[in-house]
Amino acid sequence: MDSAGQDINLNSPNKGLLSDSLTDVPVDTALAAQTPAVEGLTETEEEELKAELAKVEEEIVTLRQVLAAKERHCAELKRKLGLSALEGLKQNLSKSWHDVQVSNTYKKTQETLSQAGQKTSAALSTMGSAISRKLGDMRNSATFKSFEDRVGTIKSKVVGGRENGSENLPSPTGSGAKPLPDHTPF
């Protein structure tokens, strides 16, 4: 890869390659000589700055080459070690989740939610005890006992008639001709 073909954009699909239109732009020295020098610079200072600029641009190209070579070497090492991009992503996510878990915000939120859960559990337990106590009180009340006695009486009349051998109860139509079929409950 030639030094003029390096790209600084590391996210580019052509990483390390510059388009020719950017690197092959010639510097027109005649045009540069026609443009007025920056105020306060002598021709000697301007020439020194141009030489320094050329040197810095050459160093930039060299650094791009070195960076591209290092990236290729890094990719090759990862390939040899069996480290894929997915593995790297998993490691990054795992580290990020660990960092979240050890953060003060996460710890405070976890503690707050734990306390809220304990208080809710205690409140529900208290409420359940109160409801149970109220139902027990209601069951022992005179009104409930009267209702329970009436239901028991009705039940004994309905069930008691069948237990005494009265299988042939009157039919709902009132004809009495056909007895109801004996259906066992589910």
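This report describes the fold, the surface and a few side-chain details of a predicted protein model.

## Overall fold

The protein contains six helices and zero strands, and reading along the sequence gives the pattern α-α-α-α-α-α. When contacts between residues at least 6 apart in sequence are considered, 36% of them join residues at least 24 apart.

## Surface and burial

Of the 186 residues that make up the protein, 5% count as buried. The accessible surface of the protein amounts to about 16,400 Å², and carbon and sulfur atoms account for 59% of that area.

## The aromatic pair

One aromatic pair is present in the structure, and the partners are tryptophan 97 and tyrosine 106, whose rings lie 5.9 Å apart, centre to centre, with 75° between the planes. The pair counts as edge-to-face, because the angle between the planes is over 60 degrees.

## Arginine 79 and its contact

Arginine 79 is found in helix H3, which covers residues 43-81. The side chain of arginine 79 is joined to the side chain of glutamate 76 by a polar contact of 2.4 Å.

With a relative accessible area of 54%, arginine 79 is classed as exposed, because the value is over 50%.

Terms used:
Residues are numbered from 1 along each chain as its sequence is written. This is a predicted model: local features need pLDDT of at least 70, side-chain atom pairs count only at pLDDT 80 or more; totals for chains, interfaces and linings use all residues. Side-chain values use heavy atoms; hydrogens and water are left out. Rings of Phe, Tyr and Trp (its six-membered ring) pair if their centres lie within 6.5 Å; planes under 30 degrees apart count as stacked, over 60 as edge-to-face and the rest as tilted. Helices (H or I, at least four residues) and strands (E, at least two) are DSSP runs, numbered from the N terminus. Buried means under 20% relative accessible area, exposed over 50%, partly exposed in between (1.4 Å probe, protein chains only). Contact means heavy atoms within 4.5 Å. Accessible areas come from the Shrake-Rupley method with a 1.4 Å probe; for residues, only the protein chains shown count as cover. A polar contact is a pair of N or O atoms within 3.5 Å; within protein, one must be able to donate a hydrogen and the other to accept it, and residues adjacent in sequence count only if both atoms are side-chain atoms.
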